[in-house]
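Me: I am new to this structure and would like to go through it step by step. Could you show it to me before I ask about its parts?

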Amino acid sequence: SGVMTGGGDDDILIGDYGGIEAHSGNLNLLIIMDTSGSMSTNDRQEAMENAVNSFLNDLAGSDNLQNVRVHLVEFNSSAAVVGAGTYDVKINGVAQDITNATSSITALDHGGSTNYEAGMQLGLSWINNGNQLENLPNLVNHTLFLTDGEPNASNSSDGGTGSPFEEIFGSDNQNEVELLSDWGALRAVGIDNGVTVSTLEQID
């Protein structure tokens, strides 16, 4: 299966969860997953699904976390929520909706181009309008962004004139990377070797 590499100092989903699992308290977690056509290469889709599901099971089983709410987004040419979208994988220290969350990830298909902007914008829609955990002690927000390639499409309806990569940094007057980082820690994860470390580090 494909090799997953974290940007910056984190190898998230490969034994080191960037401090997420070690956090004591409560967690909102947004996971944005690439399901473009290239994910069929080298079992990349299977590698991502297995790694994310293993990670969610680790969170559900963690003694450090009391409540974990996860929102799942997939992107290719456009973006969509995965299954029900939002899952409470842990409530008051007890694992809950983990089976439904992992089943929805395993059911993902792949196809289309790689539109980072679509995935990030749909994730931001949940942040702005969704139902995150609130008013809990030691509550943190994290976003994981997983991709196997460089962006080659963007949302033309927003009037952007830059490259697909430049658009997520504000060439269309909305900086999705900055907005996600303002909400909480943003970590980019590469799947196999189709995306450069430089790209991941700029998102991190």
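**A walk through the chain**

Reply: Thr 106 is found in helix α2, where helices (H or I, at least four residues) and strands (E, at least two) are DSSP runs numbered from the N terminus. This is a predicted model, in which local features need pLDDT of at least 70 and side-chain atom pairs count only at pLDDT 80 or more, while totals for chains, interfaces and linings use all residues. Residues are numbered from 1 along each chain as its sequence is written, and side-chain values use heavy atoms, with hydrogens and water left out.

Me: Leaving aside neighbours within four places in sequence, which residues is Thr 106 in contact with?
Reply: In sequence, Thr 106 and Asn 50 are 56 residues apart, yet their C-alpha atoms are 7.9 Å apart in space. Taking contact as heavy atoms within 4.5 Å, and leaving aside neighbours within four places in sequence, Thr 106 is in contact with Glu 49 and Asn 53.

Me: How many helices and strands does the protein chain have?
Reply: From the N terminus on, the elements of the protein chain run β-β-α-β-β-β-α-α-β-α-α-β-α. Counted by type, the protein chain has 6 helices and 7 strands.

Me: At roughly what angle do the axes of helix α3 and helix α5 cross?
Reply: Axes are lines fitted to C-alpha atoms, for helices over the stretch in contact, and angles run from 0 to 180 degrees between N-to-C directions. The contact is made by residues including Met 120 and Leu 124 of α3 and Leu 180 and Trp 183 of α5. The axes of helix α3 (residues 116-129) and helix α5 (residues 176-183) come within 10 Å, and they cross at roughly 35°.
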